[in-house]
Amino acid sequence: MRISPILIGVAIISLAVAVIFTINSGAYKGLNSIMSAAQTSDSDIKSGPKVVGSHTPGYPITTTPGIILDPLQTAVDMNPANAVVDPMKYLREFNYGKVSKLSDGKTLREFTLVASDNLVKEISPGVFYNVWTFNGTVPGPTIRATEGDTVRINFINNGSMPHSLHLHGVHPANMDGVFEMISPGGEFTYEFTAEPFGVFPYHCHMTPLEEHIAHGLYGVFIVDPKTARPPADEMVMVMNGYDTDFDTENNFYTVNGVPYYYMHHPVQIQKDKLVRIYLVNMLEFDPVNNFHLHANMFNYYPSGTRLQPDELTDIVTTNQGERGILEFTYKYPGKYMFHAHKTEFAEKGWMGTFLVTEGNESNISNQTNGNSFYDSLNNSFVGKSPKTNGGQL
Ligand SMILES: [Cu+2]
């Protein structure tokens, strides 16, 4: 059948009229108003930098558009010197202190922690924030001892306001870092016996406490059991956040200081090798935080104070200051996510990836803490050690 060109022309005109009618219909107007609302709120955000700060003396007023995005590059990639920490270095860096023997035969481990509050660092590309730090990084250095060691921490306050050092764990009252405020320029020596074994936060305990913690004055203290845990690829993960517009709500969430860092730089681990994570939640302002592991399960040791895991799970939820040890092994090579299962936190920076490789035995030995009690062939203690199924799924 032959179609008349006139009919085709009428059809085209009818279609055009139908489109115009649809555009003017209530449905489209409804969509249009939604788009306007979206544009309104977007333009609110973009209406110019917001001046924030000043509710706490001692740090500068800043401006921020308050926009959160997964950056194409992290602050570390932009300029490592501007970042709060090198997350890849921090991940597996354990400081055992200056070691010597006391006259009673005990091991003495000496550390120096210097508090400061004047650094301005790049949290995310273009977002600068005044961090308060131990030894210049957020989190501060991971310090590590063995149960029964004498730990001596030379604390120096290089800041502009009083700070202190409060460690979790067992110690005398005057070593608790709460009532003895250390003035700017002051020093204090904390000395105690490391007990019990486990994983502990340390942090400044001056008021207003939330300011001192939110700005970054915290780190991890690990006490190993006298008979060490099985060999593993060990790492520390500290969950935190940054309230960069000073409204007591975090704008960024991270593990190990830099939002999205391990998304852009996967943590390489090896198939069939035990991974042990010392996980600490130092997030201020939000009541809980959590860690979720993809395509796998982990043994969880709350506070790390037992050698038997409490649970085999893929998620652990913690309050501020709560912490534990995670142990797992990947069966299959590939790339796997880990992140807060609180979606808001994940989407504001607290997410990362493990890259599981076939690997080889020699590399992994460099990642253990070199403790001679470790059995390097399997996940069990040596000799007289207690029985454990730690790390075996
Ligand atoms: Cu402080």
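Visitor: Which residue of β13 is the bridge partner of Met239?
Guide: Strands here are DSSP runs of E, at least two residues, numbered from the N terminus. Two strands pair if DSSP finds at least two bridges between them. In this case the partner of Met239 is Val255. Strand β12 (residues 233-242) and β13 run antiparallel, joined by four bridges. This is a predicted model, where local features need pLDDT of at least 70, side-chain atom pairs count only at pLDDT 80 or more, and totals for chains, interfaces and linings use all residues. Numbering starts from 1 along each chain as its sequence is written.

Visitor: Are the residues of β13 buried or exposed?
Guide: A residue is buried if 20 or more other C-beta atoms, placed from the backbone, lie within 10 Å of its own, exposed if 12 or fewer, and partly exposed in between. In β13 (residues 252-255), Phe252 and Thr254 on one side are buried, as are Tyr253 and Val255 on the other.

Visitor: How many bridges join β6 to β11?
Guide: Four, and these strands run parallel.

Visitor: Why does Glu122 count as buried?
Guide: Because 20 other C-beta atoms lie within 10 Å. Glu122 is in strand β4 (residues 107-124). Contact means that two C-beta atoms, placed from the backbone, lie within 7 Å. Beyond neighbours within four places in sequence, Glu122 has contacts including Ala75, Met78 and Phe128.
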